[in-house]
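Welcome! Have a look at the model first, and then we will go through it together.

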Amino acid sequence: GTKCPEDLSVLYSNRAACNLKIGNCSECIKDCTVSLELVPFMLKPLLRRAAAYETLEQYPRAYVDYKTAVQVDSSVQAAQDGMNRMRKVLIDKNGSNWREKLPPMPSVPLSAQHRWGPSAPGNTEQTCMPQNAGDTGSSKSEQAKSLKEEGNELVRKGEHRKAVDKYSASLKLDNKECTTYTNRALCHLQLKQYPEAVQDCTAALALDPNNLKAFYRRALARKELKDYAGSVTDLQEMLKRDPSNSAGQRLLQEVQKFTK
């Protein structure tokens with residue numbers, strides 16, 4: 001029988017997730033767009049399309065989708081992190097006039113806001129508030145560092161999936177720690193989660209534009225996604241900063257074979 005728009009929207013969104021997972025970003029974007037035409041302002045297709053745009057380096061479009069997701073539900077950390085990450089990239093690229101080059105920003109109606117929150121809209125912010133004044137930034141920073149160390153230990157044991165969870169928990173407490181992003185990117189590479197590896201390296205480079213590991217790991221991920229031009233660019237940027245890096249030189253020679 002004919003499916004209702006909500007069911008169809010979920011189906012397209014789910015297929016988009018599969019396409020994103022295998023690096024088929026163009027098809028992911030198409031499926032998310034159809035999903036959002038059926039049911040506007042759904043969080044998952046917004047975030048998946050944003051991630052696909054980011055992987056394809058279509059940063060203005062990625063920013064608009066992340067920002068829209070934040071307007072739908074400001075408690076979603078992935079949306080906040082993505083919006084901040086894209087803002088940093090766009091400011092670095094276009095300077096103070098970066099907003100002028102953005103696509104139109106959709107206006108999110110009140111009826112679409114906080115629809116998917118874990119509790120009633122009136123309670124959402126309350127549940128996110130610190131329980132006491134002792135929950136300071138420094139204690140969060142210490143917790144983040146501890147979680148990161150646990151992730152590092154799991155990596156040493158080869159338990160990359162569990163390490164991703166530790167790094168993700170750490171980044172929720174401190175999303176300004178560059179090495180946590182590059183460490184999680186390494187795990188994503190091991191797990192063949194190449195779009196996620198690209199995203200983490202982009203986040204690391206937004207924090208530290210000279211980070212060699214981020215350039216190298218993003219180049220590896222882009223090679224696997226068959227984005228050879230992007231991979232070459234990353235390796236050239238890396239070798240500009242460290243001309244004698246033998247791993248970068250070898251990978252560049254390997255990737256350049258695909259571009260001829």
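Which residues does Val 255 touch, not counting residues up to four places away in sequence? They are Lys 223, Tyr 228, Ser 231, Val 232 and Leu 235. Please keep in mind that this is a predicted model.

**The overall picture**

- The secondary structure of the protein comes to 13 helices and zero strands.
- Of its 260 residues, 44% count as buried.
- Take the contacts between residues at least 6 apart in sequence: 56% of them join residues at least 24 apart.

- Val 255 is found in helix α13, and its relative accessibility of 0% is under the 20% limit, so Val 255 counts as buried.
- Along the chain, Val 255 and Lys 223 are 32 residues apart, yet their C-alpha atoms are separated by 6.9 Å.
- Helix α13 packs against α12 at an angle of about 150°, with the two axes 9 Å apart.
- Angles over 145 degrees count as roughly antiparallel, and α12 and α13 are therefore roughly antiparallel to each other.
- The crossing in which α12 passes α13 is left-handed.
- On the α12 side, the residues that meet α13 are Tyr 228, Ser 231, Val 232, Leu 235, Met 238 and Leu 239.
- On the α13 side, they are Gly 248, Gln 249, Leu 251, Leu 252, Val 255, Gln 256, Phe 258 and Thr 259.
- Sorted by class, this contact of α12 with α13 has nine nonpolar, five polar and no charged residues.

**Two aromatic pairs**

- The structure holds two aromatic pairs.
- One of them joins Tyr 63 and Trp 98, whose ring centres are 5.1 Å apart; their planes stand at 85°, so the pair is edge-to-face.
- Tyr 63 lies in helix α4 (residues 59-72) and Trp 98 in the loop between α5 (77-94) and α6 (121-128), so this pair ties together parts that are 35 residues apart in sequence.
- Tyr 228 counts as buried at 19% relative accessibility, whereas Phe 258 is partly exposed, with a relative accessible area of 45%.

**Helices α3 and α4**

- The axes of helix α3 (residues 43-55) and α4 come within 8 Å and cross at roughly 155°.
- With that angle, α3 and α4 are therefore roughly antiparallel to each other, and their crossing is left-handed.
- From α3, the residues that make the contact include Leu 43, Leu 46, Leu 47 and Ala 50.
- From α4, they include Tyr 59, Ala 62, Tyr 66 and Val 72.
- The residues of the contact of α3 with α4 divide into eleven nonpolar, one polar and four charged.

**A lysine in helix α8**

- Lys 166 is found in helix α8 (residues 160-173) and is partly exposed, with a relative accessible area of 28%.
- Leaving aside neighbours within four places in sequence, Lys 166 is in contact with Leu 147, Glu 150, Gly 151 and Leu 154.
- The C-alpha atoms of Lys 166 and Ala 144 are separated by 9.1 Å, and these residues are 22 apart along the chain.

**Two loop residues with positive phi**

- Phe 41 has a phi near 65°, a positive value in a residue other than glycine.
- The place of Phe 41 is in the loop between α2 (25-38) and α3, and Phe 41 counts as buried at 17% relative accessibility.
- Lys 192 is not a glycine, although its phi is positive at about 65°.
- Lys 192 lies in the loop between α9 (178-190) and α10 (194-207) and is exposed, with a relative accessible area of 56%.

Technical notes: Residues are numbered from 1 along each chain as its sequence is written. This is a predicted model: local features need pLDDT of at least 70, side-chain atom pairs count only at pLDDT 80 or more; totals for chains, interfaces and linings use all residues. Side-chain values use heavy atoms; hydrogens and water are left out. Rings of Phe, Tyr and Trp (its six-membered ring) pair if their centres lie within 6.5 Å; planes under 30 degrees apart count as stacked, over 60 as edge-to-face and the rest as tilted. Helices (H or I, at least four residues) and strands (E, at least two) are DSSP runs, numbered from the N terminus. Buried means under 20% relative accessible area, exposed over 50%, partly exposed in between (1.4 Å probe, protein chains only). Axes are lines fitted to C-alpha atoms, for helices over the stretch in contact, and angles run from 0 to 180 degrees between N-to-C directions. Angles under 35 degrees count as roughly parallel, over 145 as roughly antiparallel, 65 to 115 as roughly perpendicular and the rest as oblique. A crossing is left-handed if the near helix is turned anticlockwise from the far one by less than a right angle, and right-handed if clockwise. Contact means heavy atoms within 4.5 Å. Ala, Val, Leu, Ile, Met, Phe, Trp, Tyr, Cys and Pro count as nonpolar, Asp, Glu, Lys and Arg as charged, and the others, Gly among them, as polar.
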